[in-house]
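Biologist: I would like to go through this model and ask what stands behind each label. Please set the values against the cut-offs as we go.

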Amino acid sequence: MISDLRRDLLVTTALNPVPALVERALSLATELNASFFPRNGLSMPRLFEANPDARRVLVVRADRLTLRDPADNELFYHPNLSFLRLGNLLRGGNDLLPEAADLRPGDSVLDATLGYAAEAILCAHVVGPSGEVHGVEAVPELGVLVREGLQTVTTDLIPLNEAMRRIRVVHMGHHLDYLRACPDDRYDVLCFDPFFERVLEGSEHMMEPLRRFGDTSPLLPETIAEARRVARRRIVVKAPRSSSVLADLGFTETVGSRKGRVVYGIVCRDRD
């Protein structure tokens, strides 16, 4: 019913859509329980004026999906830091995530805070084609945008493209809901990379666009309790070195570089 549709979200198309774009936008509007609003040549400011309750618009374009808000902020999918981090791994460098998660070929991994999927991409590369990497994104429209980008964006780094294609977005809603529905020991490794309380200096241009559209809620103790049931081998949470969030959640073991600004809190289930 129309009364049940989300009022904060609209789905529309590029200014001059072909029928296939309209069909795609209608399908996504149904999936997101949002209204489809025909563009009819309207600029973004005029579109928001015509829909005063809308706080964001998912725009279906021929080349990609974008999210827009009334302040004219825009978000589209790109591999973000995973391009640099995976490139470093391929050149023989180190990355803290595979070490902290003790990733192995064939592992099953859940990235419970998907975002740009940078951590999930690294996991998918390390576990390889015989493994599986699933993602959960709390904000459905962001999950749709990332799901589409993982399957369509192509870079000059072939192993990155291959890793992106192997990731499955399995739930668009709060990770706690998904975890509660999971059987015991469903995944080898569970990863959490929640938004930091403050963006680290120097990464504002990469993270601020995502923060505007993502869920910045902190991890809950209930989430870690469920993760202990669902993770067969290891739970990993990324946090700033200066934060107390890991201690507050009961993590006593961390992995980090000597001068690094972030650390990974770990729970080793096989040592419980």
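Modeller: We can start at the end of helix 5, where Gly128, just after the helix, takes a positive phi of about 75°. The model is a predicted one.

Biologist: What makes helix 5 mostly covered?

Modeller: Of its 10 residues, 8 are buried. They are Ala118, Glu119, Ala120, Ile121, Leu122, Cys123, Ala124 and Val127.

Biologist: Which core does helix 5 give the most to, and how many residues does it give?

Modeller: The largest nonpolar core, which has 51 residues. Helix 5 (residues 118-127) supplies 6 residues to this core. Tyr77 and Leu150 have the most contacts inside it. Apart from this core lies another, of 22 residues, including Val136 and Leu249.

Biologist: Which residues does Leu150 touch, leaving out those up to four places away in sequence?

Modeller: Leu150 touches Tyr77, Ala117, Ile121, Met164, Arg165, Ile167 and Val169.

Biologist: Why is the pair Glu141 and Arg6 called a salt bridge?

Modeller: The closest N and O atoms of Glu141 and Arg6 are 2.8 Å apart, and the cut-off is 4 Å. The pair therefore qualifies. Glu141 is in helix 6 (residues 140-152) and Arg6 in strand 1 (residues 6-13), so the bridge ties together parts 135 residues apart in sequence.

Biologist: Why does Glu141 count as buried?

Modeller: Because its relative accessibility is 2%, and buried means under 20%. Arg6, with a relative accessible area of 22%, is partly exposed.

Biologist: How do you know that Arg229 and Asp184 meet in a salt bridge?

Modeller: Their N to O distance is 2.9 Å, against a cut-off of 4 Å. Arg229 lies in helix 10 (residues 221-230) and Asp184 in the loop between helix 8 (175-181) and strand 9 (187-192), so the pair ties together parts 45 residues apart in sequence.

Biologist: Why does Asp184 count as exposed?

Modeller: Because Asp184 has 51% relative accessibility, and exposed means over 50%. Arg229, at 25%, counts as partly exposed.

Biologist: How many salt bridges does a search of the whole structure find?

Modeller: The search finds 20. Some residues are linked in a network of salt bridges: Asp102, Arg104, Asp107, Asp188, Arg232 and Arg233.

Biologist: What makes you say that Arg64 lies over the face of Phe76?

Modeller: Arg64 is at 3.9 Å from the ring centre of Phe76, and the distance limit is 6 Å. The rule also asks for a position within 35 degrees of the ring normal. Arg186 likewise lies over the face of Tyr187, at 4.3 Å from the ring centre.

Definitions and conventions: Residues are numbered from 1 along each chain as its sequence is written. This is a predicted model: local features need pLDDT of at least 70, side-chain atom pairs count only at pLDDT 80 or more; totals for chains, interfaces and linings use all residues. Side-chain values use heavy atoms; hydrogens and water are left out. A nonpolar core is a set of buried Ala, Val, Leu, Ile, Met, Phe, Trp, Tyr and Cys residues joined through side-chain atoms within 4.5 Å. Buried means under 20% relative accessible area, exposed over 50%, partly exposed in between (1.4 Å probe, protein chains only). Helices (H or I, at least four residues) and strands (E, at least two) are DSSP runs, numbered from the N terminus. Contact means heavy atoms within 4.5 Å. A salt bridge is a side-chain nitrogen of Lys or Arg within 4 Å of a carboxyl oxygen of Asp or Glu.
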